[in-house]
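I opened this chain to look up its sheet, its pockets and a few single residues. The entries below follow the order in which I looked.

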Amino acid sequence: MRRFKQALTTAVLTALLVGSTAGWASESTGSALSGPLPGTAAWLADESLGKELPDPTTATPSEVAVFFADLTDTQQRRLAQDHPTVVGNLDGVPVSLRYEANASAGEQVLAYDPRGRGLIVRVAGDLENATHVSVLVPGSDIDISTFDRTAQSAADLQEEAGDDTAVIAWAGYTTPSGIGPDLATGRLAETGAERLTRFTEGLDATGLPDPSLFCHSYGSVVCGLAAPDTDASDIVVMGSPGMRADDVTALGTDAHVWAAKSPDDWIDRVPNVEVLGLGHGADPTSPDFGATVLPADDVPAHDEYFTPGTSTLTAFAAIAGGDL
């Protein structure tokens, strides 16, 4: 009976409280995108180069990078023009070429898929020449229609960190939407972790520095699941409901793990348990977890960890810029 009550409490409270307060639907509507990238069939049928193009579904980012490195600039640009939905979303493609393929979606867009609620990835700063790279992984209720606030957080972090740092706003997974079971489970986080891992592999394949991951709310669940398979130098979580790990050792990463939680963040009311797949586990700011805890006393709310002037943004910028 005690186990049942604990599971029920976890399910109810986590479904009500985890994630952003922006979405208040009666149930979660998140359905992770699946299947090949739009335009894949036409891409695979293209014989203009006299050789097969890499299959977007099966080719690794390293294989994609090798393929594009063997092409002339003219050949690369023609592929971007003829197959923008593939080139613009394919990890391992050169950064400038992805920008070109996604030009219709805005400046410095590394990925854009308007299907469903949509996925988008945008860069603040000079990614191709950056000494340091950070990836901002948002929590629930973030999609193309609400992406601006994630993009603004990335811009604020990049400005604070300096010109040698690029920050990527990565809304590259389907987040939970509204109130429902997706908030309390790891279903969407598992798919998100696979996408995040592939994305960071793509950064590595194109010769970029190992990134720092900044993971907000449900995004910290994504980062926790991705941790063993990324080459991140740092993993920073804030307003986290848990990372689906008991402690830093269980994350299986060599990255330095940092955590922040404001005393005014309602996430503190979420039970830090994981029972029968519900809930996301230990609080990353607890002493037993083993993360380095960052100051957050001046953060006024769950969604304001990147607010200019806060102690968290100052600390985040030091980490992003390699000064911590």
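Which elements make a right-handed β-α-β unit with E5? I found that E5, helix H10 (residues 218-226) and E6 make it. Here right-handed means that, with the strands pointing away from the viewer, the path from the first strand over the helix to the second runs clockwise. Helices (H or I, at least four residues) and strands (E, at least two) are DSSP runs, numbered from the N terminus.

**Ground rules.** I note that this is a predicted model, in which local features need pLDDT of at least 70 and side-chain atom pairs count only at pLDDT 80 or more, while totals for chains, interfaces and linings use all residues. Residues are numbered from 1 along each chain as its sequence is written, and side-chain values use heavy atoms, with hydrogens and water left out.

**Confidence.** I looked up pLDDT, the predictor's confidence in each residue, from 0 to 100. The chain has a mean of 91, and 90% of its residues reach 70 or more. Over residues 4-29 pLDDT stays under 50, and the model has 70 contacts beyond four places in sequence for them. A contact means heavy atoms within 4.5 Å. Where pLDDT is low, predicted coordinates should not be read in detail.

**Sheet.** I traced an open sheet of eight strands with mixed pairing, in the order E1-E2-E4-E3-E5-E6-E7-E8. E1 and strand E8 (292-293) are at the edges with a single partner strand each, so one side of each has no neighbour in the sheet. Two strands count as paired if DSSP finds at least two bridges between them.

**Strand E5.** Is E5 enclosed or open? Five of the five residues of E5 (residues 212-216) are buried, so the strand is largely enclosed by the rest of the structure. Buried means under 20% relative accessible area, exposed over 50%, and partly exposed in between (1.4 Å probe, protein chains only). In a regular strand the side chains alternate between the two faces of the sheet. In E5, Ser212, Phe214 and His216 point one way, Leu213 and Cys215 point the other way, and all are buried.

I then checked the partners of E5. Strand E3 (residues 132-137) pairs with E5 in the parallel sense over four bridges, and Val135 stands opposite Leu213 in E5. E5 also runs parallel to strand E6 (residues 234-238), joined by five bridges, with His216 opposite Met238 in E6. Further along, five bridges join E6 to strand E7 (residues 256-260), also in the parallel sense. Met238 stands opposite Ala260 in E7.

**Strand E1.** Four of the five residues of E1 are buried, which leaves the strand mostly covered. E1 and E2 run antiparallel and are joined by four bridges, and Ala111 stands opposite Val121 in E2. Their hairpin has five residues between the strands, and Gly116 in it takes a positive phi near 60°.

**Largest pocket.** On a 1 Å grid over the protein atoms alone, a cavity is a set of points where a 1.4 Å probe fits but cannot get out, and a pocket is an open set with protein on both sides within 12 Å along at least five of seven lines; lining residues have an atom within 4 Å of a point. Grid points are joined across faces, edges and corners, and a volume is the space filled by probe spheres set on the points. The largest pocket holds about 610 Å³ of space. It is lined by 24 residues, of which Leu37, Asn89, Asp91, Arg195 and Arg198 are the closest to its centre. Strand E1 (109-113), strand E2 (119-124) and helix H9 (187-205) each supply at least two lining residues. H9 gives the largest share, six residues.

**Cavity.** How many cavities of 30 Å³ or more are there? I count one. The largest cavity has about 50 Å³ of space, and its lining includes Asp91, Gly92, Arg98, Phe199 and Thr206. H9 again supplies the largest share, here three residues.

**Gly92.** I found Gly92 in the loop between helix H5 (84-87) and H6. Gly92 is buried, with a relative accessible area of 2%. Not counting residues up to four places away in sequence, Gly92 touches Pro61, Val64, Ala65, Arg98, Gly202 and Thr206.

**Ser153.** Ser153 sits in helix H7 (residues 148-161) and is buried, at a relative accessible area of 16%. Leaving aside neighbours within four places in sequence, Ser153 is in contact with Leu136 and Phe306.
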